[in-house]
Amino acid sequence: RRPVSLPRLQQMREAGDKITMLTAYDATFAAVADAAGVECLLVGDSLGMVCQGLGSTVGVTLETMIYHTDSVARGLRRVQGTAWVVSDLPFGSYQESKEQAMRSASALMHAGAHMVKLEGGGWTTETVRFLVERGIPVCAHLGLTPQTVHALGGYRVQGKGDQAAQTLRRHALDLQDAGATMVVLEMVPAQLAAELTQELAHCHTIGIGAGNGTAGQVLVLHDMLGMNLGKMAKFVHNFMQDAGSVRGAMEAYVRAVKAGTFPDNARHAW
Ligand code: KIV
Ligand code: NA
């Protein structure tokens, strides 16, 4: 197997081959997910909640993201893994200036990330352009952006109604223009996510709680294994239930995403 790359993701996109992504925070889970055929691993700042026991992702620091990115990258190297590694820029590590974002992104790239992800639209466009021009692949993140949960007023569906949908669409198109090659769409209506996917030919939409019309899907590892501290979100499916092993659960996830059977718009979407 050849390493996953931006050209390879674009080819998958054009072939209609769904892109699979799971979060990974340590060496072993990264290696197992890679072996299960998951193309993209996200070192998400959700690790604040699932690994550190925080109430939100707001408290996650760059130092912590570097630590987990290092672990994931080492795990993949050990097994000569081919997965594309995306690392989250945590809250406070990119908002101040383009230069601050570049410094933080460089630290994640040094740790082994292939791409960095940052949340929000509008003001982030120039930051994305700055990073992409300097050779850093960038994934955007629109819809429910957990780092701003306190400003949003809770974890709820975003982009509902004409006005909100139009703003989200403009943000997404501007981010593609600025060079973002991937965008996570979190908790947005399935129809809006599907329309955006048609409009963004070079920026691959990765959905979570966004229906099955996106170019790919992502889930938090612990959620899809049925391990969670609180209430399970509606968009999650427990793939461990009918699998004999973690590897089996990941393979079932990959199969379901590729076949278009997960997510089921009737059960997991808005
Ligand atoms: O941190 C994370 O796990 C994420 C995904 C839910 C997209 O950002
Ligand atoms: Na995140």
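User: Which residue stands opposite methionine 21 in strand 8?

Analyst: This is a predicted model. Methionine 21 stands opposite valine 218 there.

User: What is the bridge partner of methionine 21 in strand 2?

Analyst: Cysteine 40 is that partner. Threonine 23 also has a partner in strand 2, namely leucine 42.

User: How should I read the two faces of a strand?

Analyst: Now take strand 1. Ile19, Met21 and Thr23 point one way, Thr20 and Leu22 the other, and all are buried. That is 5 of the 5 residues of strand 1, so the strand is mostly covered.

User: Are the faces of strand 2 covered or open?

Analyst: Both are covered. In strand 2 (residues 40–43), Cys40 and Leu42 lie on one side, Leu41 and Val43 on the other, and all are buried.

User: How many bridges pair strand 2 with strand 3?

Analyst: There are 4 bridges, in the parallel sense. Strand 3 covers residues 84–88. Within this pair, leucine 41 stands opposite valine 85.

User: Now a helix. Which residues of helix 9 are buried?

Analyst: Helix 9 spans residues 190–199, and its buried residues are Ala190, Leu192, Ala193, Leu196 and Thr197. Look down the helix axis: these residues fall within an arc of 165 degrees, so they line one face. Gln198 and Glu199 are exposed on the other side of helix 9.

User: What covers the buried residues of helix 9?

Analyst: The cover includes helix 8 (162–177), strand 6 (182–186), strand 7 (204–208) and helix 12 (265–268).

User: Loops next. Is serine 93 buried or exposed?

Analyst: A neighbour count decides it. The cut-off for buried is 20 or more other C-beta atoms within 10 Å. Serine 93 counts as buried because it has 23 C-beta neighbours inside 10 Å. Its place is the loop between strand 3 and helix 5 (98–110). Leaving aside neighbours within four places in sequence, serine 93 is in contact with Leu62 and Ser104. Glycine 260 is 167 residues from serine 93 along the chain, and their C-alpha atoms are separated by 36 Å.

User: Is arginine 134 buried or exposed?

Analyst: The cut-off for exposed is 12 or fewer. Arginine 134 counts as exposed because it has 11 C-beta neighbours inside 10 Å. Arginine 134 is in the loop between helix 6 (124–133) and strand 5 (138–143).

User: Last feature. Which residues are around ligand 1?

Analyst: List the shell, then sort it by type. The residues around ligand 1 are Thr23, Leu42, Gly44, Asp45, Ser46, Asp88, Val184, Glu186, Ile208, Val218 and Val220. They divide into 5 nonpolar, 3 polar and 3 charged.

User: Where have I met some of these names already?

Analyst: In the strand pairings. Thr23 and Leu42 are among the residues around ligand 1, and threonine 23 has leucine 42 as its bridge partner in strand 2. Val218 is also around ligand 1, and valine 218 stands opposite methionine 21.

Definitions and conventions: Residues are numbered from 1 along each chain as its sequence is written. Chains are lettered from A and ligands numbered from 1 in the order in which they are written. This is a predicted model: local features need pLDDT of at least 70, side-chain atom pairs count only at pLDDT 80 or more; totals for chains, interfaces and linings use all residues. Two strands pair if DSSP finds at least two bridges between them. A residue is near a molecule or strand if its C-beta atom, placed from the backbone, lies within 6 Å of it. Ala, Val, Leu, Ile, Met, Phe, Trp, Tyr, Cys and Pro count as nonpolar, Asp, Glu, Lys and Arg as charged, and the others, Gly among them, as polar. The arc is that of the directions from the helix axis to the C-beta atoms. Two residues are in contact if their C-beta atoms, placed from the backbone, lie within 7 Å.
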